[in-house]
Amino acid sequence: MTTTQSASAPLLEDTILEPKAGGLYRHQHAGTGLLVGIALGFIGWLLSTSFLQSNESFGSDMTTTVTMVSWVIGFNIGVGSFNAPIRWLLGHDQTHHDELYAAGVGQGWKRYFKFCTDHKVVGTQYLVLVMVLFGVGGTLAMMIRTQLLSPHSTFLSPETYNSIVSIHGMVMIIATIIMVSGPFANFVMPIMIGAKDMAFPRLNALSFWTVVSAVPCLLATFFLGGVPAGWTTYAPLSAQAPIAMDAFAITIITFVVSVTVAGINTVVTILTMRAKGMTFGRLPIFTWGSMIGGALGLYAMPAFLIAQSALITDRVTGTSFFVAAQGGTGWLYENMFWIMGHPEVYVILIPPVAAVLEITTVFARKPLFASKVAIGGMVGIAGLSIMVWAHHMFTTGWAPNLGGPFMLTTELISIPTGIIFLCLIGTLWRGQIWTRLPMFFVYLFLWNFIIGGVTGIYLSDLPADQYFHGNMFVTAHFHYTLLGGAMIGAAAAVCFWFPKMTTRMLNERVGKVSFWMIAIGIQITYYGQFLEGFEGMPRRVANYDPQFLHANLISSAGAYLLMAGWVVMAYNIVSSWRSGEMAGANPWGSKTLEWQVPTPVPLENFLVEPIVVADAYGYGETPQTSTQLGEGHR
Amino acid sequence: MERPSTAHIVRGILLLTAIMTAIGVALGILLPNHIMPRQMSADSHAAVMTVIVFSVAAAPVAALVYAVGLYSLLRWRHKGAEQPTIDGAPIRGNNAVTTTWLIVSTVLVIFVLGWGLTFLSSAATPHADPLEVNVIGQQWAWSFQYPGTGVESSKLVLPVNREVHFHVSSKDVTHGFWPQELGIQIDANALQSSSISTTPDKLGSFSVRCSQLCGLYHAYMQTKGEVLSQKNFAAWLQANGASASSASRVAVVAQGRAHS
């Protein structure tokens, strides 16, 4: 194993800072963000009720919008998102020591609660945030499945049920978009390409704290009357929703800002921050996945921002983009939503898929099979995904003549998706399959993603879609792809990179218990939902015909097992993080760069700038101990 | 360690593929007819057939992927928790395999697309003398009007073996008009009429459900439908307020098209 650390080199984080390094940052953390956010939110509420709504009482759309925007801005002021640009504008830019303070030097665990520019801190912050969001989304899912235990259940009122369905959807969409691009594209990717940090460290911290500020807006919807319109919030149903709808729209607008900032950062980092010798031909596949997913997000997410902005102006200022009675059309919203919505599925999927390919090479001890074809496959998926959105609208009555073209583009996507499977099984072929925990999840990904893919082909073809659209079959299908595929890929990534991120090994025995609960739970849950769909149960119903009872019981039973499995996994992550067995720098014997630096990874990652001489997949080709590092590094 | 020959591995994987394909094909053929609702039109027949045909077509591909996965676990698994001391075979790709894979997946896509386009073109073929029905969705009920008769009903009653043109619209939010056993579906949009047609070919009752979340009682926005013989349909129209002349004018079709 090569060592990257010469004994005498001083670590950057051991720098003794000047006494007042960091300036205002010294006093700012999540708590001050909360305080300033609440204060500004209150001021926004006060001003908008006093001056903008002369004849309407508390709680109008305008008031909610202004309050939520004020909260988001206030929180970010309080946490320190805007310090550096304001100091630059005022003419006394940050000094080197200020920058080191902002990167977390000398603050220990407290830096995890601050606006910290170190990409590893941001990655860890994202990991915790994602786990919290999955906890919230999973709890809501359990409430949905509990409601559906009996046909005429009154566990939840229809209104509450509809709101829970919406917020479950939105929380999970936010969580899955950031579940790999947040923790791993931030923590791992820069080290993988030999960079000291992301291209824009402050934007990196900004992207994290804006998501954090969006989450309270989303959860506030429960106290503002709920969003009973589904996470799709189709117009004109959204026009009937209470003021929670405005908070929901602000959540999305804030979240899109975050995803856009993060996407630009990821793409620019990979394009410009690669170490010497890290050519595009040598880029690890996960890096490609992060870049393609990030770039696709830049295309997709703004459409959501525009759609929700127009929705707000419809509600607040009386425009009529989507209101049919005043000359607008709901189809406009549906188009904008799915122009975001379908590429967004691949924004979620591509990074975990790339992580799965990366992990497979390590645990099959083999080069990635047809790596250039795999990259082509991901680019193909991304390219086609922007041309398929109207397959969600086959049965809406909008442009029936476009059924054929959209069927074509949709079905073409199965070619690049098939390539991913080829590269995966090609890498398994004649490997030395090392069945540690990450590899368990790779096999589960393979199993689930095939089912999700095949059921998607039924939906892409009009005769079957005319039956399955709006039906529980669709729910089962996209859960198989997004949970069974993407989330399981993310679980593999957690198990794989956990030692590097936390310095400790994830407990393998507890991990396998959680694995089997999750694996079996998924199959039972979504077998039940496929059955509901075949039998004809519509989606998003609070009650149902007794004929669907047995399928719902199966699905709910599986869902409880699945959730229990995730809880065991969360317990495992927390307990291993606190007291797990210490991991070395490279417990998996991987050849990518992040495993060649010491654990814990020092600030700015590399003590000597690496020079890359080969790609990271030379398994079986070069002597066991060598890595992709060149002589310059040793 | 002695490496088994490629032919040996391929035989093993093909055997596993064959077994799993057989299971997939059997499930694909048997299950859909069993668990999907009764087929009461060519459209619902097409939906079930699509599921069957696509399952059969997808089975070998899925089975091959699963077979390689299973085989890798059975034959290539490294025993023990320690890192393997030797690496796998350094294979970086195989152009013949990649090309074959791409060709096969392209052929499958063309087949699947052709299947859908054939359906689309057959659905577009107009028939003479269809029955017109206006479908109106509102929170949270369906109503059905039979133009020319003055009949409005909360139950969707149709004659057998006659094409029906539905003109679907909504009084408020978007609803999804989904007469399940007829195999068609289209949204009811506010102030906008969309059309869809089908020809019921079986007598009996069916369910009409709403397939778009439409607010508080979305779950209860459902009603029954029934396909009657043409004679009974005319009688039903009269019983529901149509005059004898208008009922016979609307319900009775030109000779040569009536089958019952």
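This is a predicted model: local features need pLDDT of at least 70, side-chain atom pairs count only at pLDDT 80 or more; totals for chains, interfaces and linings use all residues.
Reader: In which sense do S1(A) and S1(B) pair, and over how many bridges?

Author: Look at the direction of the two strands. S1(A) and S1(B) pair in the parallel sense, over 2 bridges. The strand of chain B covers residues 77-78. In chain A, S1 covers 433-434.

Reader: How many residues of chain A are in contact with chain B?

Author: Count each side on its own. Chain A brings 72 residues into the contact, and chain B brings 71. Several elements of chain A each supply at least two residues, among them H6 (158-181), H10 (237-240), H17 (437-460) and H20 (508-535). S1(A) is also one of these elements.

Reader: Which element gives the most to the side of chain A that touches chain B?

Author: That is H16(A), with 7 residues. Its range is 414-428.

Reader: How many nonpolar, polar and charged residues does that side of chain A have?

Author: Sort the residues by class. The side of chain A that touches chain B has 41 nonpolar, 21 polar and 10 charged residues.

Reader: Now one residue. Is Tyr467(A) buried or exposed?

Author: Count the neighbours. Tyr467(A) has 32 other C-beta atoms within 10 Å. The cut-off for buried is 20 or more. Tyr467(A) is therefore buried.

Reader: Where does Tyr467(A) lie, and what does Tyr467(A) touch?

Author: Tyr467(A) lies in H18 of chain A, residues 462-468. Leaving out residues up to four places away in sequence, Tyr467(A) touches Ser44(B), Ala47(B) and Gly183(B).

Reader: How many residues apart in sequence are Tyr467(A) and Val215(A), and how far apart in space?

Author: Keep the two kinds of distance separate. In sequence, Tyr467(A) and Val215(A) are 252 residues apart. In space they are 36 Å apart, C-alpha to C-alpha.

Reader: Which domains does the assignment give for chain A?

Author: Start with the bounds. Domain 1 of chain A is 26-90, and domain 2 of chain A is 120-633. Their C-alpha centres lie 31 Å apart. The contact takes 14 residues from domain 1 of chain A and 15 residues from domain 2 of chain A. On the domain 1 side, H2 (residues 61-79) gives the most, with 10 residues. That side divides into 7 nonpolar, 6 polar and 1 charged.

Reader: How is chain B divided?

Author: Watch for a domain in two pieces. Domain 1 of chain B is 6-75 + 99-123, and domain 2 of chain B is 131-251. Their centres are 36 Å apart, taken over C-alpha atoms. 10 residues of domain 1 of chain B are in contact with 13 residues of domain 2 of chain B. The domain 1 side has 5 nonpolar, 3 polar and 2 charged residues.

Reader: How many helices and strands are there in chain B?

Author: Chain B has 5 helices and 11 strands.

Reader: Why is chain B called more spread out than a compact globule?

Author: Compare the radius of gyration with a rule. For 260 residues the globule rule gives 18 Å. Chain B has 27 Å, well over that value, so chain B is more spread out than a compact globule. Along its principal axes, the C-alpha trace of chain B spans about 90 × 45 × 30 Å.

Reader: What percentage of the residues of chain B count as buried?

Author: Of its 260 residues, 41% count as buried.

Technical notes. Residues are numbered from 1 along each chain as its sequence is written. Chains are lettered from A and ligands numbered from 1 in the order in which they are written. Helices (H or I, at least four residues) and strands (E, at least two) are DSSP runs, numbered from the N terminus. A residue is buried if 20 or more other C-beta atoms lie within 10 Å of its own, exposed if 12 or fewer, and partly exposed in between; C-beta atoms are placed from the backbone. Two residues are in contact if their C-beta atoms, placed from the backbone, lie within 7 Å. Ala, Val, Leu, Ile, Met, Phe, Trp, Tyr, Cys and Pro count as nonpolar, Asp, Glu, Lys and Arg as charged, and the others, Gly among them, as polar. Two strands pair if DSSP finds at least two bridges between them. The radius of gyration is taken over C-alpha atoms; the globule rule is 2.2 Å times the number of residues to the power 0.38. Domain bounds come from an automatic or database domain assignment.
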